[in-house]
Amino acid sequence: MNTVEAGPRPGSYALGRTAPEYERLRAQARAWEPATGRLLDQVGLGAGASCLDAGCGPGEVMRLMAERVGPQGRVLGADVDAPLGAAALAALHAAGHRQCDFAAHDLTADEPVPGGPFDVVYARLLLFHLPRPAAVLARLWDAVGPGGHLVVQDYDLRSASVLPGLDSAAEMLRVIAGAFAAVGCDMQAGARLPQLFAEAGVGPPDGTDVAGRMEPLAVGRTYLERTFRSVLPGGVAHGITTDAAASAVLAEFGQDCARFPDRPLLWPLLIGAWKRKERA
Ligand SMILES: C[S@@+](CC[C@H](N)C(=O)[O-])C[C@H]1O[C@@H](n2cnc3c(N)ncnc32)[C@H](O)[C@@H]1O
C-alpha cells in the first residue's frame with residue numbers, strides 16, 4: 001500500500017475532496033447503478049467471486065459487488081483517498097457487507113495493485129482522471145485471474161449539453177471542461193476505451209456498452225451545479241474563471257432553470273468495455 005501516508009497529490013485531481021463532492025459522487029453513483037449492475041451481470045459476477053473496485057470512491061459499486069458475490073465472496077476497494085475509503089468501508093460493514101475491504105493505494109504507482117488475482121477487476125470514472133491511463137489499465141489487467149474479467153466504464157464528456165442551448169449552461173460546461181483539461185484529464189476516456197485496451201496490451205474488448213441519461217433541468221440542474229462547484233477552485237486557480245464570474249453564472253443558471261424547467265439536460269455518456277482473460 002504505497003500512499004497511505006502520502007495521500008492524494010495536490011493539484012493532480014480536478015474534483016474536490018469535500019463532503020459536498022462525496023455526496024455528489026454518491027448521487028452520481030445512484031444514477032448509474034442500473035448501467036453498472038448490467039455490466040457486472042453481463043460478465044457473470046456471482047456468488048463466491050472475488051473482485052476489485054479500482055478508484056472505488058464512496059464504495060457504491062462495492063455494494064453492488066457485495067450483493068452479487070454474497071458472504072462467501074470477496075470485495076476489495078482501492079482508492080488514493082484513504083478517508084473516503086474508510087468511510088465507505090464503515091458504511092458497507094454497517095449494512096452487513098462484511099466481505100468488503102479497502103486498500104489505500106495510488107493506482108498510478110509503478111507496482112502491482114494489491115490483493116490480486118481477482119475474478120472481476122472493475123474501474124468507473126477513474127481513467128478519465130489519470131495522466132497515463134493505459135499504464136494503469138495494464139496493471140489492472142495483470143490483477144485479473146485466469147478466466148476472470150476486466151470491466152471499465154468511463155465518461156465521454158462531449159455529449160454533456162442542454163438543448164436548446166443556454167448561455168449559462170454552456171459557460172458552466174466550459175469551466176468544467178477547462179478545469180479537467182488543466183490537470184490533463186482525458187475527457188473522451190470512455191470513447192477511447194478500445195484504444196486504451198489495445199495500448200495496455202489487453203486486446204480488443206469482448207463487448208462494449210453505452211449508457212445515457214437525460215433529465216429535465218428541474219431535476220438535472222443539481223448534477224451540473226454540483227460538478228461546477230466541485231471543479232471551481234481548480235478552475236479559478238488555473239485562470240479559467242473567477243469567483244465573481246462563477247457566482248454570476250450560477251445565479252443566471254438558477255433563473256434559466258426556473259424559466260425552462262422542462263428543457264432537457266443530457267449527461268455525459270457512460271461508456272463501458274470488458275474483456276475476459278483466457279485460462280492459461
Ligand atoms: C470520479 S471518482 C469515481 C468514484 C467511483 N469509481 C464511482 O464511480 O462512483 C474518481 C475516484 O478515483 C480516485 N482516484 C483518482 N486518482 C487515483 C489514483 N491515482 N489512485 C487511486 N484512486 C484514484 C479518486 O480518489 C476518486 O475516488
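1. A quick definition before anything else: the bend at a residue is the angle between two axes, one fitted to the seven residues ending there and the other to the seven starting there. With that in hand, look at α8 in this predicted model: there is a kink of about 45 degrees at valine 231, shortly before proline 233.

2. Still on α8, the helix runs over residues 217–237, 21 residues in total. From first C-alpha to last it reaches 29 Å, close to the 30 Å expected at 1.5 Å a residue. So have a look at both numbers when you judge the helix: the kink sits at valine 231, and the end-to-end reach is still close to the expected value.

3. Which α8 residues are buried? The list is Leu217, Gly220, Tyr223, Leu224, Glu225, Thr227, Phe228, Ser230, Val231, Leu232 and Gly235. An α-helix has 3.6 residues a turn, so residues three or four places apart point the same way. Keep that in mind when reading along Leu217, Gly220, Tyr223, Leu224, Thr227 and Phe228, which are among the buried ones. Val231, where the kink lies, is also one of the buried residues. Just after the helix, glycine 239 takes a positive phi of about 75 degrees.

4. Now the ligand. There are 19 residues around it, and Arg17, Gly55, Asp79, Asp106 and Arg124 come nearest. By class, that shell has 9 nonpolar, 5 polar and 5 charged residues.

5. On the nitrogen side, a side-chain N or O atom of aspartate 106 is 2.8 Å from a nitrogen atom of the ligand, and a polar backbone atom of leucine 107 is 2.9 Å from a ligand nitrogen. On its own the ligand has 590 Å² of accessible area, and the protein covers 97% of that.

6. Two backbone spots to check by eye. Most residues other than glycine have a negative phi, and most peptide bonds are trans. Glycine 116 and proline 117 are joined by a cis peptide bond, with omega about 0 degrees; proline 117 is in the loop between β3 (100–104) and β4 (118–124). Leucine 163 and proline 164 are also joined by a cis bond, with omega about -5 degrees, and proline 164 is in the loop between β6 (161–162) and α6 (167–182).

7. Last one: leucine 125, in the loop between β4 and α5 (133–142), has a positive phi of about 55 degrees although it is not a glycine.

Note on methods. Residues are numbered from 1 along each chain as its sequence is written. This is a predicted model: local features need pLDDT of at least 70, side-chain atom pairs count only at pLDDT 80 or more; totals for chains, interfaces and linings use all residues. Side-chain values use heavy atoms; hydrogens and water are left out. A residue is near a molecule or strand if one of its heavy atoms lies within 4 Å of it. A polar contact is a pair of N or O atoms within 3.5 Å; within protein, one must be able to donate a hydrogen and the other to accept it, and residues adjacent in sequence count only if both atoms are side-chain atoms. Accessible areas come from the Shrake-Rupley method with a 1.4 Å probe; for residues, only the protein chains shown count as cover. Ala, Val, Leu, Ile, Met, Phe, Trp, Tyr, Cys and Pro count as nonpolar, Asp, Glu, Lys and Arg as charged, and the others, Gly among them, as polar. Helices (H or I, at least four residues) and strands (E, at least two) are DSSP runs, numbered from the N terminus. The expected span of a helix is 1.5 Å times one less than its number of residues. Buried means under 20% relative accessible area, exposed over 50%, partly exposed in between (1.4 Å probe, protein chains only).
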